[in-house]
Amino acid sequence: MAGAGALGGTAVLLGLLAWASAAPMPYHRSETARLRPSWTARPERLMCRTVSATELATQPEHMRRRLDCAGRFASYLLRVEVDGRPTSEEVAPRGRPAS
């Protein structure tokens, strides 16, 4: 008998969950939208060299890499379109976010 009650209670809770998940929810309160992109990327590798076994031995085990590469962050072009029309275009400089 207890199993039937638990099963019935679970069914009611799942029904409430399904009903609540279909309810409309506002996702912003103003008439204007906000766009806040955020990403990370590895730097461009400009030059790499193989690290010798002697150099590797001097590094802590968790920091050992067989390649030592010099690099820099890339620039990105951020282009925003609304309904297929460009509204903004900005270059994000190396290593800094677009404003």
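Q: Buried means under 20% relative accessible area, exposed over 50%, partly exposed in between (1.4 Å probe, protein chains only). Which class does Glu-81 belong to at 44% relative accessibility?
A: This is a predicted model, in which local features need pLDDT of at least 70, side-chain atom pairs need 80 or more, and totals for chains, interfaces and linings use all residues. Residues are numbered from 1 along each chain as its sequence is written, and side-chain values use heavy atoms, without hydrogens or water. Because 44% lies between the limits of 20% and 50%, Glu-81 counts as partly exposed.

Q: Which residue in S4 stands opposite Leu-78?
A: Strands (DSSP runs of E, at least two residues) pair if DSSP finds at least two bridges between them. Strand S3 (residues 76-82) pairs with strand S4 (residues 85-92) in the antiparallel sense over 7 bridges. The two form a hairpin with 2 residues between them, and Asp-83 in the turn has a positive phi of about 55 degrees. Opposite Leu-78 stands Glu-90.

Q: How far apart are the closest N and O atoms of Arg-79 and Glu-89?
A: Arg-79 in strand S3 and Glu-89 in strand S4 are 10 residues apart and link distant parts of the chain. Arg-79 is partly exposed at 45%, whereas Glu-89 is exposed at 51%. They form a salt bridge (Lys or Arg side-chain nitrogen within 4 Å of an Asp or Glu carboxyl oxygen), with a closest N and O separation of 3.6 Å.

Q: Which residue forms a salt bridge with Glu-55 at 3.0 Å?
A: The structure holds 4 salt bridges. Glu-55 is partly exposed, at 33% relative accessible area. Its salt-bridge partner at 3.0 Å, partly exposed at 38%, is Arg-49.

Terms used
Helices (H or I, at least four residues) and strands (E, at least two) are DSSP runs, numbered from the N terminus.
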